[in-house]
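Please look over the sequence and the model shown here before reading on. The text then goes through a few places in turn.

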Amino acid sequence: MAADDTDISSNNFIRNIIQDDLDSGKHKAIQTRFPPEPNGYLHIGHAKSICLNFGVAEDFGGQCNLRFDDTNPEKEEDEYAQAIEEDVRWLGFEWSKLCYASDYFEQLYAYAIELINQGKAYVDSLSAEQIREYRGSLTEPGKASPDRNRSIEENLQLFANMRAGKYQDGEFLLRAKIDMASANINMRDPALYRIKKANHQRTGDTWPIYPMYDYTHCISDAIEGITHSLCTLEFEDHRPLYDWVLNEVKTPCHPRQIEFARLQLKYTITSKRKLNQLVTENHVDGWDDPRLPTLSGLRRRGYTPASIRDFCERIGVTKKDSFIEMAVLENCIREDLNQHAIRVMGVLNPLKVTIENYPEDKTEDLTAKNHPQNPDMGTRTIPFSKVIYIEQDDFLEDAPRKFFRLSIGREVRLRYAYYITCTEIIKDEKGKVIELICQYDPLTRGGSSPDGRKVKGTIHWVSAAHAIDANINLYDRLFTHPNPAATDNFIEYINPQSLTRLTQCKLEPCLAEADTSSHYQFERTGYFVKDTQVAALTFNRTVTLRDTWAKIDKQNNQG
RNA sequence: UGGGCCGUCGCCAAGCGGUAAGGCACCAGGUUUUGAUCCUGGCAUGCGCAGGUUCAAAUCCUGCCGGCCCAGCCA
């Protein structure tokens, strides 16, 4: 029964509109587009739009284009366009057509002449400041430019001269002639073309003038036969202009613009301008810094495409301004990784443990499961010997009753190995515990005892003689403020603890062969992925495991 | 205070006149060689507020209140 397969949770008002348009016969097939400006890297907010546009096309048997909105050469770069293509593909989508607004420059120019000929556009010689003054304010109407009633012939000539490069930047402007008294400021004779003698990434120096977004976007949509033009809320006020242009000019069709709320995530930033600032001022380590919500950063952090797609589905699509909690994103990646990540052992902060009664030169190969719930993932062997490392956090000299780990006189299970009991603590001159002396029970090999005695705690470990050293990066939220973008200076709220670099972490030997596409769960500590940028063996922590003990511990310390 | 949009649980979000889905978070149990996973149960007599229409309203009407966006030759 395929009819009932549609996941109700993924329905939203846009899908409802599209379904209605299909049912009513308004459209036979649907066509969408994802239209980034190549002026920065894609982030999690774009992922929402990508999943929406491509997802809708996919689910309704339509098509989705990737279109670069490249109408402002001063801000755009090919590097960004390349990265955008890579990120969209990585997320798991393939466009039916790769388009560029700049491919339509010639048509756009022709449509502009059409507008001039109809008396619907004019060339203005007012300066930028004057235009601002003439525009009026939110509460006062604007007033007409002296050039507003220039003759069609003169407008045509001036516009031709603009194109011919006869004027300097800012000298003239092509404006739509709409309504200077409109309550909607976007309708007060908006700019259509500005003179900008800049080299364009794709068209080079062929154009000294460039069309504005409002004019370009609607026509580009129409040229591509877009049925539903999905964009974010801030463009709601632009819709009358979108429709005005398409009504005044003879385009193949008239797409419907529908706005939805952009994604906002707590404790981070999703503004290309601000992300750019973090990168250029070196507050972070490039656009792919794992602390950033960029797709390249999330990728390097170890987020999977599937988890991001799942996230985008869970948050929904509405017109309500909202802030999503990080916990939702974290839940998505945990859910994916819990199912797919290989289990291994790695000690982040090593504490040496000598097992006094274990033979000096002996090494044993013990068997460990790669995934406790999925036998298909197989097993591996891990070496065990007299000296091992355990996690510093897994030992407490004065341990509370509920602390199920090592302490003097207490017994714990070494995962897949033996039960050990701590008998002696060795400290340095400052009183810091630097080594533990333990006794093991030879009858508990593999981790269970013939007498069936209960050992509540199980801790991870790594054989000192066999361990490999690695660097590990631990990440925390990038900002200490839930909405850094709303503060006076978001830079001040960068979390000084957002990155913790650990060195000389001890990992089980199999990790020497890790590749950057494998996700691992270091048992009891979190999910990790090998870093792609650093030469030395380095793992990035994607996300921690849920930690009930940390929660209890915190409550105890507070109460 | 011109125009546009939005207000359902701590955070998201279904609902489209017939008596409040779901997810995340949280809380309480159970299983467990990861204090992980998994499982079970709990979590809005209430839908920004106040009136009205109706046998019946989160859904319709009116009026308030609160929030977001717009005065780039950016997108």
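This is a predicted model: local features need pLDDT of at least 70, side-chain atom pairs count only at pLDDT 80 or more; totals for chains, interfaces and linings use all residues.

Residues are numbered from 1 along each chain as its sequence is written, chains are lettered from A and ligands numbered from 1 in the order in which they are written, and side-chain values use heavy atoms, with hydrogens and water left out.

Chain A is divided into domain 1 (5-260), domain 2 (266-342 + 470-558) and domain 3 (346-460); these bounds come from an automatic or database domain assignment. Between domain 2 and domain 3, the C-alpha centres are 29 Å apart. To their contact (heavy atoms within 4.5 Å), domain 2 gives 21 residues and domain 3 gives 22 residues.

Helix 7 covers residues 213-223. Helices here are DSSP runs of H or I with at least four residues, strands are runs of E with at least two, and both are numbered from the N terminus. Nine of the eleven residues in helix 7 are buried, where buried means under 20% relative accessible area, exposed over 50%, and partly exposed in between, with a 1.4 Å probe and protein chains only. Among the buried residues are Tyr 215, His 217 and Ile 219. After helix 7 comes Gly 225, with a positive phi near 70°.

How do helix 7 and helix 8 cross? Their axes, lines fitted to C-alpha atoms over the stretch in contact, with angles from 0 to 180 degrees between N-to-C directions, come within 9 Å and cross at roughly 60°. The two helices are therefore oblique to each other, a term for angles that are not under 35 degrees (roughly parallel), over 145 (roughly antiparallel) or 65 to 115 (roughly perpendicular). On the helix 8 side, Leu 241, Tyr 242, Val 245 and Leu 246 meet residues of helix 7 that include Asp 214, Cys 218 and Ala 222.

Two loop residues remain. Gln 392 sits in the loop between strand 15 (387-391) and strand 16 (411-414) and is partly exposed, with a relative accessible area of 34%. Beyond its neighbours within four places in sequence, Gln 392 contacts Asn 349, Pro 350 and Leu 351. Thr 487, in the loop between strand 21 (468-475) and strand 22 (499-507), is buried at 17% relative accessible area. Not counting residues up to four places away in sequence, Thr 487 touches His 481 and Tyr 493.
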